[in-house]
Amino acid sequence: MSKEKFAGVKGMNDMLPADATIWQTVQQTAVGVLERYGYQEIRTPILENTKVFTRGVGEVTDIVEKEMYSFTDSMNGDQLTLRPECTSAVVRSVNEHNLLYGATQRLWYMGPMFRHERPQRGRYRQFHQLGAEALGMEGPEIDAEMIIMLARIWKELGVGDVHLELNTLGALTERQAHREALIRYFEGNQDILDEDAKRRLYTNPLRILDTKNPEMQDLVNAAPRLLDFLGDDSRQFLDRMESIVSAAGINYVINPRLVRGLDYYNHTVFEWITDKLGAQGTICGGGRYDPLIEMLGGRPAPGVGFAMGMERVIELMRECGNVPQKAQTDVYVLHHGGETQVKAMLLAEAMRDLGVRVMVHPNKGSIKSQMKKADASGACFAVFATEDELASGTVSVKALREGATVYAEQTTVALDQAADAIAKALSFRAE
C-alpha cells in the first residue's frame, strides 16, 4: 500500500480547529449586525453557468480573462464556473425565483469563492466572502446605510482604524464620455503604457486607472477624472450619500481612481482599507450595480452590495491582537471505566439536555492522567464519576478555572441532582 502523504491544493487552505473560534466570531458578529438591519441569509451553489459571470462581471476583466475556474461538463457539455464572486450568483437566484416581484430584498451570504491567482498573504485561490445585497431600492440613502452598517461591523469586531474610500462611476452616458476622453488621453501616451494597459485601451480603459505599475502612476494621476463628467443627477446622488455618511460621523476620502474590478457597477463604489496588512489592505469593497439585474435576465431594478474578505478580516483581527479564545468544553467527566464510564456517559447526556457542553474521558486511565486532559480541554468544571462516589449515589465537582466560583473546592453533589446543579453553576458563572 502506498504511503504517499497528500497535501492540499496550492492556495486552497484548511481551516483547523484552533482557527474555528475566530472564524465563527467574525461571521456571528457580522451577521448579528446584518440582521439588525433586516438582512436575511441566501445560499447559492458554488457552480454556476459561466455566462452568469461573463455577462455580469464583464468579459474584459482580470477575473474572467485570467482567474476563473471554468470547465465543460463532460456529461452534457454545459459551460460551468466555480463562482469567483457571489453578487452575480445572488442576482441570478433572485431573478430565477422572482424574489423582486412586488418586493425589495435585503440578503446576506457567506461562503467560498474561487480565483486562480498567485497565492499570497490574504489572497488565496479558494477564499471566503461574507457579503450583502440590497435589491430593489433606489436612491443614495440605502448606499449610505450600507456604509454605516459596515462601520458598525468594524467597531463590533474591534479591528481598529479602517479607512473608507469613496468614488462614483456616474451614469452610463457619463461613463461613455469619460471613456472617450480616457482613450484619447492614453492614445497620446502609448509609449508609457505597459502591455496590460495597451490591451485594455479600447476594451476597458477605466481599468487602466487601477494599475499597480509604479511606472504608470504619474500618467494615471493626471488622467481625466470621471468626477468632472458628472451631470446634475449623479452629482446630487453623490452629494446626498456623502452628507449622510458625514452626519453619521464616518471619515472618508474621495478617491477618483477607485473603480473596482467588475463591470456591473454604477454610481457608488467604495472600499474599506487598513494599513496593517501591507499590499492586501482592502478588506471590503462594494457599490451600486443598477444594470446587473436586467443584464442577468430580470426586470430592471436597482441594487447595491458589498463583500468582505473573511481571511483578510481575520488577519486584521490577529494584527490587532483581537483573537477570541473558546474552551473546547464546559465540563469534563472523569471515571474508572466499566460501569462508571456508562454512568458518566448518561450523566453527560443529562447535562447536554440542559445545553451544557460536556466531554467524557474516552477510555480508562488514571485519574491523574484524566485531570491533565480535563485541564487541557479548557473546561470550567471536572466531574468525578468514580466507583466509590457512584456507589454512594454522588459525584464530585471541582472548579478548574478562575471565575468558576460556585465550586471553589471539590464538592459532593447527589447524582440525580448533578446535571441541574452544574448547569445552574455555569449560568451563575456566565453572569
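User: Let's start with Q129: does this residue count as buried or exposed?
Analyst: Residues are numbered from 1 along each chain as its sequence is written, and side-chain values use heavy atoms, leaving out hydrogens and water. Buried means under 20% relative accessible area, exposed over 50%, and partly exposed in between (1.4 Å probe, protein chains only). With a relative accessibility of 12%, Q129 counts as buried.

User: Which strand holds Q129?
Analyst: Helices (H or I, at least four residues) and strands (E, at least two) are DSSP runs, numbered from the N terminus. Contact means heavy atoms within 4.5 Å, and beyond its neighbours within four places in sequence, Q129 touches residues including Y109, M113, A307 and M310. The strand in which Q129 lies is β6.

User: How many of the 10 residues of helix α11 are buried?
Analyst: Helix α11 covers residues 310-319. Its buried residues are M310, E311, R312, V313, I314, L316 and M317, and they pack against α1, β5, β6, α5, β10 and β11. Helix α11 is mostly covered, and the number of buried residues is seven.

User: At what angle do the axes of α1 and α5 cross?
Analyst: Axes are lines fitted to C-alpha atoms, for helices over the stretch in contact, and angles run from 0 to 180 degrees between N-to-C directions. The two axes come within 10 Å. They cross at roughly 140°.

User: And how many nonpolar residues are there in the contact of α1 with α5?
Analyst: Ala, Val, Leu, Ile, Met, Phe, Trp, Tyr, Cys and Pro count as nonpolar, Asp, Glu, Lys and Arg as charged, and the others, Gly among them, as polar. The contact includes V26, A30 and L34 of α1 and M149, I153 and L157 of α5. Two of the contact residues are polar and three are charged, while the nonpolar count is seven.

User: Where else does α5 meet a helix, and at what angle do the axes of α5 and α9 cross?
Analyst: Helix α9 takes up residues 232-247, and its axis comes within 9 Å of that of α5. Among the residues making this contact are I147 and I148 of α5 and F237 and M241 of α9. By class, the contact has eight nonpolar, no polar and three charged residues. The crossing angle of α5 and α9 is roughly 35°.

User: Which strands stand at the edges of the five-strand sheet?
Analyst: The strands of this open sheet are ordered β13-β12-β14-β15-β16, with mixed pairing; two strands pair if DSSP finds at least two bridges between them. The twist from one strand to the next averages 25°. Two strands have a single partner each, so one side of each lacks a neighbour in the sheet: β13 and β16.

User: Which element has the lowest mean pLDDT?
Analyst: The mean pLDDT of the chain is 90, and 93% of its residues reach 70 or more. Strand β1 has the highest mean among the elements, at 98. Where pLDDT is low, the predicted coordinates should not be read in detail. The element with the lowest mean, 71, is helix α3.

Note on methods:
This is a predicted model: local features need pLDDT of at least 70, side-chain atom pairs count only at pLDDT 80 or more; totals for chains, interfaces and linings use all residues. pLDDT is the predictor's confidence in each residue, from 0 to 100.
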